[in-house]
Amino acid sequence: MAQAVATLEHAHGAGDIPHAADHADHPPSSTGLDSRKLLMWLFLASDCMFFGSLIAMYMIYRGDAERMFLAGQGAGPVPHEILDIPYTSISAFVLLMSSLTMVLALASIQRGNHRGLRIWLGATAALGLVFMGGQFYEFTAFYHEGLGLTTNIFSNSFFVLTGFHGAHVTIGIIWLISLVIVSLRGGLRQDQAMNVEIAGLYWHFVDIVWIVIFTLVYLIPYDDVTTITEGAEHALRFIGLG
Amino acid sequence: MASIAHQPQIVPQPVTTTKPATGIWSWLTTIDHKRIGLMYGISAFFFLLLGGFEALLIRAQLAQPENDLISAQRYNELFTMHGTTMIFLALMPLTSGFFNYVMPLQIGARDVAFPRLNAFSLWVFIFGAIIINISWFFNEAPNQGWYGYAPLTGTAWSPGRNVDFWMIGIQVLGVASMAASFNFVVTIFNLRAPGMKMMRLPIFTWSTLIVSIMIIFAFPAITVALLLLSFDRYAGTGFYEVAAGGDPLLWQHLFWVFGHPEVYILILPAFGIISEIIPVFSRKPLFGYSVMVYATIAIAFLGFGVWAHHMFTVGLGPTANAVFAGATMLIGIPTGVKIFNWVGTMFRGSLRFTTAMLFAVGLVSQFVIGGLSGVMHAVVPVDAQQNDTYFIIAHFHYVLFGGTVFGLLAGIYFWGPKAFGKMFDERIGKWHFWLTFVGFNLTFFPMHFLGLAGMPRRYFTYAEDSGWGPWNAVVSFGALVLGFSFLVFLYNIYKMVRHGEPAGDDPWDAATLEWAISSPPPAYNFAVIPTVTHRDQLWWDKYGDEHGHAHVQNDDVPKTAEIQREANAAHPHVHLPNPSYFPLLAAAGLGTFALGMLFMNPAITIGLLHLPVLVIVGVALLIFSVYAWAFEPAG
C-alpha cells in the first residue's frame, strides 16, 4: 500500500505520520501550521495549567512550615535551613544552557548537518542529565538531613513540585536520546526537522517552568515571610486560603 | 461567481477494491472517526442506562420515609457512582461520540488530525470506565460523593479502596478527555475543507472547538488535585490534612476550578446540537450566528472565573463571595442570548415538530428553568439556604438532564439516520419524548419543594414526621416513568435498526456538509474534498439564497451533493491509513498501570520502591506501544 497515491493524512496535511514530508515540505493545512506542532502547543498550554496548579499549591503552603516551626509545631528542617541557593543556581544554569544547545541542534538539522544535530542533541541530553543528577543529589542530601517526603508541609510541596518538573525533564531526555538513535539509523532527514523542533518546544517549556520554580521556591527568601508574602497572603485570604 | 469558478478537482485515486472491514478485530484496530464515535456512543449509552439504574435504586430507597431497602453505606456508594457515572462515563463520552462522528463530516474532512490518538482516547476511556466500575465486584464502590471533598477522602476517614478506585479511574478518564480534545482542536483548526472559514463553521463544530479548549485548560486542575490526593493516600503526605499543615480547602478550589468549567463542558455540546436542529426544522438559518459564536466563547471564558460559587457556604468572606456572585450572574447574559437566538430562529419559521425538534425545544424550555434556579443560587444568602438541599439537585438535573440529555437525545434522533442509514419511527419517538418530558418534570420539579422544605441531599432516609413523604413518592413515581421512557427509546432503536425506512442522504433537508454524502457515509467520507462557499452550504446549493425557505431551484452552481455522488459513482478508492492496534495496546498499558496502583499484590521490591507487578507490566507495555506507534508507518 506504500505506493498508493496519497495517504489520508497527507491529503490533509496532518502530521501523525513520520513520512508526511516525503510528499511535501509544507503539507497543506487550513492554518498553514503543522498539525503536530499545533498539538504540541496545545499540550504545553495544558501543561501550563498543570504546573500552574502545582505552583499555586506550593505558594499556598509557602512559609507555613517556617511559621509552624517558629510556633513550636511541626517538624524541621525548614526551607531557609536547607535550601542551597548557590548549588541550585549552578544546576539551573546548566538547564538553561541546554536550551542553547537545543537551538543549535535544530539549526543543524535545518541546514542538513546531521553530525551537528547528533552532537547538539547529545549535549542537550547530557546537560539535562547533569541537571537530573543535581536534583537526585539534592533530594538525597535533603533526605539525609532529615527532610523526607512526609516530614512537613514544606517537604510535601517541595518534593512533589520539583519532582514533577524532574519527571518532565526525564521524559525530555529520553525523547532527545531517542532522536539521536533515530538520526544515527538514518531516520531523521533534513526535511523532517519538525521532529526536532517539536521536541525543542517541549524542552524549552520545561526550562521556562524551571525559571519560575527556581525563583519561587529558592530565590525569594523565607526568613522574612510576613513582609515578602504580604501580597500573596492578601490574595490567599481573598479565596479563603489565608 | 468567481468563488465557484474552480470546480473541486478530483484527485486521481488508485482504484482498488477494498470492502469495508468487518469483524471484531477491525473494530478493535479501527482508526475511523465514525466507528470510534459509534463505540463512544454505544459504551456511553450503556453507562447512561447503568447510571439511570443506580438512580432508580436511590429513588426506590427514598420512595417512603424510614425505608430500609438499602443500607446507608450502599446508599453512599449509589449516589457517588450515579454522579460519577453520569458525568464522566455517560454524558462526556456521549458528547465525545458526537464530536467524533459529526465534526469531521461538518468541516469536510476525511478523519481527525490524529486518527490513532483518537482510538487511544476511546480505549483509555473504556479502561477508565471499567476501573471505576469493577469496584462493585470488590464491594468497595466509591462512597465519598462525586466531588470527593477532603478530608473525607483521606485515609483516616476512607481507609478502604473505595476512594482509590474513584481517584485512579478519574485520573485515567482525564487522559482520555485530554487526548481527544487536543485532537479535536487541531482537526478544527487544520482540516477544514477549502472555503470553510472559521465564521462558516457549523455551530456544533464551534461547540466542539470551545469545549475541547475548555477541557484542555480545566482538566489539569483536577489532575493535580487527584495527584496530591494520591500522594496523601499512598505516600502519607498531608496536602489536605490539617494536622500536617495542609488545608482541605485546597481540594475544593482545585476541584471546582475544574468542576465549574466541567458544567459548561457538559452543556455546550448540547447547545451546539440543538443549534443545528432548530434551524433545520424551522427552515431558517440560525438567528444571530456570530452572536451565538461569541456567546459560546463568553460562556467558556466566564466559566473559568466562577468556581467559588460552589463554595459560598465555606466562609470565604464577603468580598470573594460578592465577586464570584457577580461573575456567576454575568454568565446569565450570554446564556440568555443563546435562548433568544433559538427563539428568534423559530420565530416565523415553518416549524416541523419531528422528535429531534421536540427534544431541542424541550431543551430550550427545561434549561431555562434550570438556568433560572441557577441565577437564584448566585445570590449568596439564597445559596446559603439552598446549599446541600434537594433544591440544588433539582437545579442541576434541570441543567444536565433537561439540558444535556435532552440535547443528546435530540442529536441521536437527528444524526441517527445519518449514522445508520435508517429512519427512527417518529410515532414512537414522540411517545418517547412526551414520556421523557412528563417523567422528567415529575421527577425533578417536586425536588424544588423538597429542597425549600429543608430536605438535605445525600441522606439515605428521612423521618416519618418530616412531611417529605408525599413529594418523595411523586418523585419516585416520576423516576419510574423516566425509566420507562428509556425502555421505549431502546425499543425505538431496536425497531430502527431492524425495520427502519431507508434514510437517504438528506432526510431532513438540512444545511451542513454531512448531509451531502450517503447514510451511513463511506469510510473516506468525501470522495472529493468539498469546496465551501457559504455558511449553510447545502441550502445554498439547493435554494440559492442560503435561506432554506426560498424554494428557488438554483441550477447554475455546482452542488456539493451531486459532486460527491458523481465522484462516488466513479468508485474512488481513497487510500486510508492502516488500522493499528498500538492505540489499544497503549491504552491497555495505561489501564494495567492504573490497576497496579489498586492491586498491590503480587509485588516486587526495587530499592525503596515496592512495586506491584501490574505496575511494571503496564509501564513496560505503555512504553513499548508508544515507541511502536511512533515508528509505525501510518499507511
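Leu44(A) touches Leu201(A), Tyr202(A) and Phe205(A), leaving out residues up to four places away in sequence; contact here means heavy atoms within 4.5 Å. Leu44(A) sits in helix H2 (residues 35-61) of chain A, where helices are DSSP runs of H or I with at least four residues, numbered from the N terminus. At 5% relative accessibility, Leu44(A) counts as buried, a word that means under 20% relative accessible area, with a 1.4 Å probe and protein chains only. Leu44(A) and Leu121(A) are 77 residues apart in sequence and 21 Å apart in space, C-alpha to C-alpha.

A word on how to read all this. This is a predicted model, in which local features need pLDDT of at least 70 and side-chain atom pairs count only at pLDDT 80 or more, while totals for chains, interfaces and linings use all residues. Residues are numbered from 1 along each chain as its sequence is written, chains are lettered from A and ligands numbered from 1 in the order in which they are written, and side-chain values use heavy atoms, without hydrogens and water.

Now to chain B. Glu77(B) lies in helix H3 of chain B and is buried, with a relative accessible area of 3%. Apart from neighbours within four places in sequence, Glu77(B) is in contact with Trp136(B), Asn139(B), Ala141(B), Pro142(B), Asn143(B) and Asn162(B).

Next come the nonpolar cores. Such a core is a set of buried Ala, Val, Leu, Ile, Met, Phe, Trp, Tyr and Cys residues joined through side-chain atoms within 4.5 Å. The largest nonpolar core has 260 residues, and Leu54(A), Leu228(B), Tyr240(B) and Trp342(B) touch the most other members. Helix H7 (residues 248-282) of chain B gives the most to this core, with 21 residues. A second, separate core of 6 residues includes Tyr524(B), Ala527(B), Ile563(B) and Ala567(B). Beyond four places in sequence, the residues that Tyr240(B) touches include Ala150(B), Pro151(B), Leu228(B) and Trp251(B).

Rings of Phe, Tyr and Trp (its six-membered ring) pair if their centres lie within 6.5 Å; planes under 30 degrees apart count as stacked, over 60 as edge-to-face and the rest as tilted. By this rule there are 76 aromatic pairs over all chains.

Phe406(B) is in helix H12 (residues 390-420) of chain B and Phe433(B) in helix H13 (residues 426-452) of chain B, 27 residues apart. Phe406(B) is buried, with a relative accessible area of 0%, and Phe433(B) is buried at 3%. Tyr413(B) lies in helix H12 of chain B and Phe489(B) in helix H14 (residues 469-499) of chain B, so this pair ties together parts that are 76 residues apart in sequence. Both Tyr413(B) and Phe489(B) are buried.

Finally, the lining of the largest cavity has 13 nonpolar, 5 polar and no charged residues. Ala, Val, Leu, Ile, Met, Phe, Trp, Tyr, Cys and Pro count as nonpolar, Asp, Glu, Lys and Arg as charged, and the others, Gly among them, as polar.

Note on methods: Buried < 20%, exposed > 50% of the residue type's maximum accessible area, 1.4 Å probe, protein only. Helix = DSSP H or I, 4+ residues; strand = E, 2+ residues; numbered from the N terminus.
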